[in-house]
Amino acid sequence: MIELDDRTLAIQRQARAWAQELKPLALELDQDPDAIHRHLDVAIVSYLTRMTVPPEFNPDPVVIDGRPFYGTGTLERVVFAEEVAVGDAGMLLAAPGPVMSGVLVDAMGDEQQKKWFYSRIMEKPTWTFFALTEPDRGSDAGAMDTTLTPDGDDHFVLRGAKRYIGNAARADLGIVFARTRPGPLGVTAVLTETSAAGFTAEPLETIGLRGLRITAVTLDDVRVPAGQVLGRHLRATQRGMWSAVQGLNRLRPGVAAFGLGIARAAYEYVLDNRRTLNTAERHRLDRLGLRLTELRQLIWRSAIAVDDNEPAAGHLASAAKARASRLAEEATLEALGCFGPGARLDHPLLDKLARDARGVEFMEGTGNIQKLNVFTGLVQGHLRRD
Ligand SMILES: Cc1cc2nc3c(=O)[nH]c(=O)nc-3n(C[C@H](O)[C@H](O)[C@H](O)COP(=O)(O)OP(=O)(O)OC[C@H]3O[C@@H](n4cnc5c(N)ncnc54)[C@H](O)[C@@H]3O)c2cc1C
């Protein structure tokens with residue numbers, strides 16, 4: 001059984017307190033994703049704008065219980081994400097900040113690129129995006145078609161389309177994955193500004209996690225300076241897809257924590273709103289409570305593996321994410337079942353939680369893709385069956 005140290009417990013307490021502010025705003029953001037612009041001064045949103053900015057670029061971090069909190073550790077981040085997602089996963093994803101792109105910049109950026117990226121983040125609340133998925137290349141991201149071709153000595157041109165890209169319509173900058181040549185080593189990542197000519201991002205209609213505002217991005221001959229291509233100082237094997245996979249491995253326990261938070265929100269909703277429960281319902285709810293505890297342990301275990309760079313890290317994170325999206329879905333449907341046939345209309349917050357749970361299934365790789373990754377871990381001997 002993993003137990004949290006005093007520092008992480010303090011972060012958990014703070015996140016729980018901050019998350020209280022989100023519940024009353026959750027339905028407003030669900031109906032109008034642009035509502036995020038009205039809530040930039042909500043404590044948690046303002047913290048998220050700088051979460052994960054490394055200490056050398058963040059002279060003024062949030063202080064919790066006398067200690068600075070940068071959010072750069074995976075365990076502290078998942079503990080934080082669970083609590084905030086109990087308040088509202090939509091707000092967590094809608095907030096400005098570097099999170100997804102920052103992980104890639106940390107892994108692949110040179111000193112100048114990191115300085116450029118983080119100085120933009122520190123200037124003002126800045127949304128970022130991470131564009132990997134393509135319209136016909138969802139789970140098979142390595143087969144992407146978007147191209148990056150030289151244009152003179154000091155520029156490149158991006159050409160192609162990306163789909164389901166969170167926050168791109170409100171972002172100033174982000175990362176685009178594109179291909180310089182065929183094959184897995186031909187993929188690379190580029191820092192891209194949304195103000196560049198030829199860049200467009202159209203919001204897509206969605207039913208869950210609507211705050212994130214996923215978009216269809218078109219890259220119509222977008223010129224990028226050569227200095228914005230990430231990983232040029234790294235070996236070819238450490239650029240592109242390899243770095244994307246490493247980055248996604250680091251982020252995946254956090255996505256699992258969103259699922260856990262959504263499942264817990266549904267569980268707590270039933271406890272708060274059903275005055276009496278019959279024996280069968282009580283039994284089902286107790287079982288759900290146990291599954292939440294088991295999943296939390298698995299997520300923490302995967303986060304520790306990521307922080308310790310264990311070979312099993314990505315596989316454990318896949319196991320945690322696959323289980324979290326399934327539990328989020330089952331818990332929200334079970335909670336709706338506790339309120340009868342009109343539950344979706346009578347309990348709009350529960351209805352929203354059930355829709356958000358579906359989004360978790362697709363974010364950062366579907367359940368099937370995570371199961372394939374768990375299987376690979378077992379075959380390669382990184383994971384044990386027990
Ligand atoms: C809320 C949300 C936010 C997102 N944010 C981003 C973002 O910021 N950036 C980004 O790049 N992408 C983002 N995505 C896209 C997400 O990563 C993709 O939706 C996901 O990778 C699946 O791709 P797809 O939707 O094209 O489905 P497909 O790949 O077409 O899959 C459809 C179905 O086929 C199954 N399937 C596919 N391949 C296999 C296989 N080999 N074996 C077994 N089953 C398989 C899948 O499990 C799924 O059930 C987001 C998606 C959502 C829903």
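Me: How many residues of strand E6 are buried?
Reply: In strand E6 (residues 173-179), 7 of the 7 residues are buried, so the strand is largely enclosed by the rest of the structure. Buried means under 20% relative accessible area, exposed means over 50%, and partly exposed is in between, using a 1.4 Å probe and protein chains only. Strands (E, at least two residues) and helices (H or I, at least four) are DSSP runs, numbered from the N terminus.

Me: What kind of model is this, and how are residues numbered?
Reply: This is a predicted model, where local features need pLDDT of at least 70, side-chain atom pairs count only at pLDDT 80 or more, and totals for chains, interfaces and linings use all residues. Residues are numbered from 1 along each chain as its sequence is written, and side-chain values use heavy atoms, with hydrogens and water left out.

Me: Back to E6. Which residues are on each side?
Reply: Leu173, Ile175, Phe177 and Arg179 are on one side, with Gly174, Val176 and Ala178 on the other. Both faces are covered.

Me: Which strands pair with E6?
Reply: Strand E3 (residues 128-131) pairs with E6 in the parallel sense over 4 bridges. Strand E7 (residues 187-193) runs antiparallel to E6, joined by 7 bridges. Two strands pair if DSSP finds at least two bridges between them.

Me: Which residues stand opposite each other?
Reply: Ala131 is opposite Val176 in E6. Phe177 is opposite Ala189 in E7.

Me: What does UniProt place at residues 130-222?
Reply: An unreviewed UniProt entry gives the feature "domain: Acyl-CoA oxidase/dehydrogenase middle" there. UniProt positions are in the numbering used here, feature names are shortened, and annotations may be inferred rather than shown by experiment. In the model, residues 130-222 are 0% helix and 49% strand, with the end C-alpha atoms 16 Å apart.

Me: New topic. Is Glu82 buried or exposed?
Reply: Glu82 counts as buried because its relative accessibility is 1%. Glu82 is in helix H4 (residues 74-94).

Me: What does Glu82 touch?
Reply: Leaving out residues up to four places away in sequence, Glu82 touches Ala257, Leu260, Gly261, Arg264 and Arg296. Contact means heavy atoms within 4.5 Å.

Me: And where is Gly365?
Reply: Gly365 is in the loop between helix H11 (348-362) and helix H12 (367-380). Gly365 counts as partly exposed, at 23% relative accessibility.

Me: Which residues does Gly365 touch?
Reply: Lys321 and Gln370, not counting residues up to four places away in sequence.
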